[in-house]
Amino acid sequence: MSDQHSTISRRRILHGLGAVGLGGALSACVGPTITSRGSGTAAGGAAAQVLPAVKASPATGKVSFAHWRAEDKAVFDTLIATFVKANPQATVVQDISPSNDYQSTALQKIKGGTIGTAFVAFRGAQFVNMNKAGLYAGLGAQPFVDGYYAELIKAGQATSRAQMGLPYQLVFNMPIFNEDAFESAGVSSAPTDWDGFLSLCDRLKSKGLTPIAWPGGEPANSGQLINSMVMNNMPTDTAFADIEAGTRKVTDDWFLATLKQYQQLAPYFEANSTGTSSEPLQQLFASGKAGMLATGSFHIGAVRKLGAKFPVGLIAPITVSADKAKYEGIYNATFILGVNTAGSGQDAALKWLQFLSDPVNAGVYANGTSQHVTVKNVDYTNADLKHNAPWLAKKTLLAPRFQFNNLDIRAAVEAACVAVVGGTSPDQAAEKAQAVVDQKRK
Amino acid sequence: MSTTLKPASPPEAPTLPTPEKPGGRNPMAAHPALWLFPVPALVLYVTFFVIPTIQGVIYSVTDWDGFSPTAQFVGLDNFVTIFTSDDLFRNALSNNIKFMLVVVVFQTIFSLVLAVFLSKNSKSSVALRSVFFFPTILSSVSVAFIWKFVYDPNFGLINSVLEAVGLGRFQSAFLGNDNQAIYWVALTQVWFHVGQMMIIFIAGLQQIPQELYESAETDGASRWQQFRHITLPMVAPATAIVMAYTTVQSFKAFDLILGLGGNPPKSSLDILSTRIYSGFANSQFGYAAAESLVFMALIAAITWIQRRAVKASNPDA
């Protein structure tokens, strides 16, 4: 009897070992190649492949267009129909993943070439990592790249300045404001210095309005305000990148000054602002009870849907005196279009990008999604886009919060601003953030 | 000539195949085709459990960023960093322990109390059980959105009610208060799952023989004494299940935290599962894999300690 048990037991062990061995063998096949310690960089990625100039012939084959903007699906469907009409031998399928899953799941499939012949990335860490891994095919030889505003597509360049991707969407990550409310408070033009901005907030408050609706309880949106708060305080335009590189600190004077200015703004935010999320604030703004919504132009469409009838403009706090102000506002160029080096069908994917780069088609996208685009000569018919189009020519800075490639470091720096509004002293908040920066830089 | 009569032998019974006796031939050996039956299950198990686990272990000793075709072997560096110089991990662990303690204590007590009052199969009890069980069938995201509006400091239900009844001084920023935020989320988790745990307790309570209560009552035991000396020991196995399940659930309350706190959540709401997710989102697959292994070991250790504690307090459990 015991012998029988021992026989089964041995077999089971062998089965288990077999399974583990099989698993090990398979897992070794699907993962990265592991190099030994000190054998050189592991993050070098593949050498960039540069695509030859797009041919004039019609596109053929299937394009999988991987992105995260489910809200744009209908507009893309319209554009796809036009593309397929002009290229009957081609099809375009949208592979949409929620933005949360995009990094963790969809990108692995894009990397494997199973989806995303044409694909997109967020500006910042995601684009940097994908480019480093060699997923973006070089677009430098493509004539349609000239149809973009050169300044606005720098975010799609590799460190070598080669154009790898095309940032397509242009958003203004700075507060939006109710022009009627400003007018009723006797403010006819945007303040040009910090005192003027605080005075504006006072006037709005005296009218019974919440001067600034700020979603301090929602890191993704509360962090947008930091862009315009630091744009004129930063000693260099790359100060956030410098913090991550270790050449500047969160405890430096310029950032402490920014934190003190957050402290000054605290009475002008809605009560308990550190616990408020953006949805109720959009409602507050849409109902005319708040002067500004400190998120970005990407919320103009949302407040319109909530019934806002007043004209909506863009405003950035100028945190220095008028003569020292370098920038009037903030923009971000994201949704970086690219052609996948993995898999096949690159020619059709390139033609799809060329199609999207056409001003007429870019206009369909822009007006249909209420977002500006980085393509030149687009005719904006959407009233809000038209109204704020002059910002395309203003002196704006590429949103500095996305200079952080390490999201923990970015979160720590932005959390310092929230902590100050919540009552922590600027020095303490900065020190706490710097401690995280020091640990995460290692 | 003599004839010897022999007793008539009974007719031979037809022989039927008999089951293998212990010690006899193994049916798997007799019928090799039987080996094929577990293959589909084995393939699924290896694909979805064994391979990811092995991959997790392999990645945990590398600096893989999730994109690059190569990764460098870093030995135990990731684990050393986790234990010695990662305040964010320690903060997440601390939040998680606070969260777990509140959830385990309150969810176990509330669900037991509800179960005691609703264990009879009367119409009203059954109806009330459905009411308390209802939140369990909601998705975590729906629950998060409901409570996001309940906790909103300006437009939320709680502060509005406090204001309306003249208790405005007790208003809170709730999730905006870094010292309280994790406890408010823990209360949401209790509300979310208390009905589910109540059902487990009801199943346990209904197994207790009524005779025990009858004889205790005859002996003059009070209601509290009956609860203390009969109900509590007899539901110990159910308590062990509830506590173990609740503990694991507390460590994996990922969706509720992200729903309430956004992605990524701020540090006052960061728990281990969201921290690991942030690692993957931050292209630190190797480091996040190491955090995952620590996380797994932690859950296993806590569950083991709990089971030992429950067994020690009630050897029959």
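In which sense do strand S1 (residues 33-35) of chain A and S1(B) pair, and over how many bridges? The two strands pair in the parallel sense over 3 bridges, where pairing requires that DSSP finds at least two bridges between two strands. Within this arrangement A:Thr35 stands opposite B:Gln72 in S1(B). Strands (E, at least two residues) and helices (H or I, at least four) are DSSP runs numbered from the N terminus.

This is a predicted model, in which local features need pLDDT of at least 70 and side-chain atom pairs count only at pLDDT 80 or more, while totals for chains, interfaces and linings use all residues. Residues are numbered from 1 along each chain as its sequence is written, and chains are lettered from A and ligands numbered from 1 in the order in which they are written.

The contact between the chains takes 51 residues from chain A and 47 residues from chain B; two residues are in contact if their C-beta atoms, placed from the backbone, lie within 7 Å. On the chain B side, at least two residues each come from helix H2 (39-60), strand S1 (70-72), helix H4 (87-118) and helix H13 (272-281). H2(B) supplies the largest share, 7 residues. This side of chain B divides into 22 nonpolar, 17 polar and 8 charged residues, with Ala, Val, Leu, Ile, Met, Phe, Trp, Tyr, Cys and Pro counted as nonpolar, Asp, Glu, Lys and Arg as charged, and the others, Gly among them, as polar.

Chain A is divided into domain 1 (61-171 + 332-396) and domain 2 (176-331 + 398-441), with bounds from an automatic or database domain assignment. Their C-alpha centres lie 28 Å apart, and 18 residues of domain 1 are in contact with 19 residues of domain 2. On the domain 1 side, H15(A) gives the most, with 3 residues.

Strand S10 of chain A holds A:Phe335. A:Phe335 counts as buried because it has 25 C-beta neighbours inside 10 Å; the cut-off for buried is 20 or more other C-beta atoms within 10 Å, with 12 or fewer for exposed and partly exposed in between. Leaving out residues up to four places away in sequence, A:Phe335 touches A:Val120, A:Pro167, A:Tyr168 and A:Gln169.

The largest nonpolar core has 193 residues, a core being a set of buried Ala, Val, Leu, Ile, Met, Phe, Trp, Tyr and Cys residues joined through C-beta atoms within 7 Å. Among the members that touch the most others are A:Trp352 and B:Val185.
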